[in-house]
Amino acid sequence: MDTSKPRRATRSDIQAMAGIVTDWEKATPWKSSPFTPQEIAGFIDSAFDEREIWVWGDPVVAYLAFNPATSHIGGLYARATGQGVGKALVDQVKQGRDFIWLNTHVPNLNAQRFYKREGFAAVSRHAGDPSDAVEEIRMEWHRR
């Protein structure tokens, strides 16, 4: 595992974050996106000031976007899994909080297993975002 620690993202990290999302979508057979990398970068940029965005690595190999106003993890993407990077990013946003929630896609079994290991529990299923229509699972974490 990389010995670096999560750090707050800067706007100079946005292109790298958009590239991680784009590459994940291309490598995921059940996930298609109508958005270009530039559009994804625009989405990240437009939410930047309202989110805590944490990154890992230089160059950036993973990131997590968290909305502190709603306790929602809006996205966690990593170039590689199984190296402890996702756990470190999730642990970062758990600090000082008692509750966090997120949505994960139903076909994303690896993500569901990861979040369960991190103490999240599935609480509901719902239709996905209209841009991809993949059903989602809401998962919640409560400090014990």
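**Loops, cores and overall fold**

Student: Between which two strands does the loop with Pro 59 lie?
Tutor: Pro 59 has its place in a loop of this predicted model. Helices (H or I, at least four residues) and strands (E, at least two) are DSSP runs, numbered from the N terminus. The loop with Pro 59 lies between E2 and E3.

Student: Is the peptide bond from Asp 58 to Pro 59 cis or trans?
Tutor: Most peptide bonds are trans. The bond from Asp 58 to Pro 59 has omega near 10°. That bond is cis.

Student: What do the numbering and the model's limits look like, and how many helices and strands does the protein chain have?
Tutor: Residues are numbered from 1 along each chain as its sequence is written, and side-chain values use heavy atoms, with hydrogens and water left out. In this predicted model, local features need pLDDT of at least 70 and side-chain atom pairs count only at pLDDT 80 or more, while totals for chains, interfaces and linings use all residues. Along the sequence the elements follow β-α-α-β-β-β-α-β-α-β-β. The count is four helices and seven strands.

Student: What is the radius of gyration of the protein chain?
Tutor: The radius is taken over C-alpha atoms, and the globule rule is 2.2 Å times the number of residues to the power 0.38. For 144 residues that rule gives 15 Å. The chain comes close to it, so it is as compact as a globular protein of that length. Its radius of gyration is 14 Å.

Student: What percentage of the 144 residues counts as buried?
Tutor: Buried means under 20% relative accessible area, exposed over 50%, and partly exposed in between (1.4 Å probe, protein chains only). By that cut-off, the buried share of the 144 residues is 47%.

Student: Is Phe 120 buried or exposed?
Tutor: Phe 120 is found in the loop between H4 and E6. Beyond four places in sequence, its contacts include Ile 73, Val 90, Leu 102, Tyr 115 and Met 139. Its relative accessibility is 3%, so Phe 120 counts as buried.

Student: Which residues beyond four places in sequence does Tyr 115 contact?
Tutor: Tyr 115 is among the residues with the most contacts inside the largest core. Leaving aside neighbours within four places, its partners are Leu 76, Leu 102, Thr 104, Phe 120 and Met 139.

Student: Which two tryptophans does Asn 108 contact?
Tutor: Asn 108 sits in the loop between E5 and H4. Its relative accessibility is 16%, so Asn 108 counts as buried. Neighbours within four places aside, it contacts Trp 24 and Trp 30.

Student: How far apart in space are Val 106 and Ala 88?
Tutor: Val 106 is found in the loop between E5 and H4. At 19% relative accessibility, Val 106 counts as buried. Val 106 and Ala 88 are 18 residues apart in sequence. From C-alpha to C-alpha, they are separated by 23 Å.

Student: What is phi of Ser 71 near?
Tutor: Most residues other than glycine have a negative phi. Ser 71, in the loop between E3 and E4, has a positive value. Its relative accessible area is 18%, so Ser 71 is buried. Phi of Ser 71 is near 60°.

Student: Which residues does Ser 4 contact beyond four places in sequence?
Tutor: Ser 4 lies in the segment before E1. At 28% relative accessibility, Ser 4 counts as partly exposed. Its contacts beyond four places are Trp 56 and Gly 57.

Conventions
Contact means heavy atoms within 4.5 Å. A nonpolar core is a set of buried Ala, Val, Leu, Ile, Met, Phe, Trp, Tyr and Cys residues joined through side-chain atoms within 4.5 Å.
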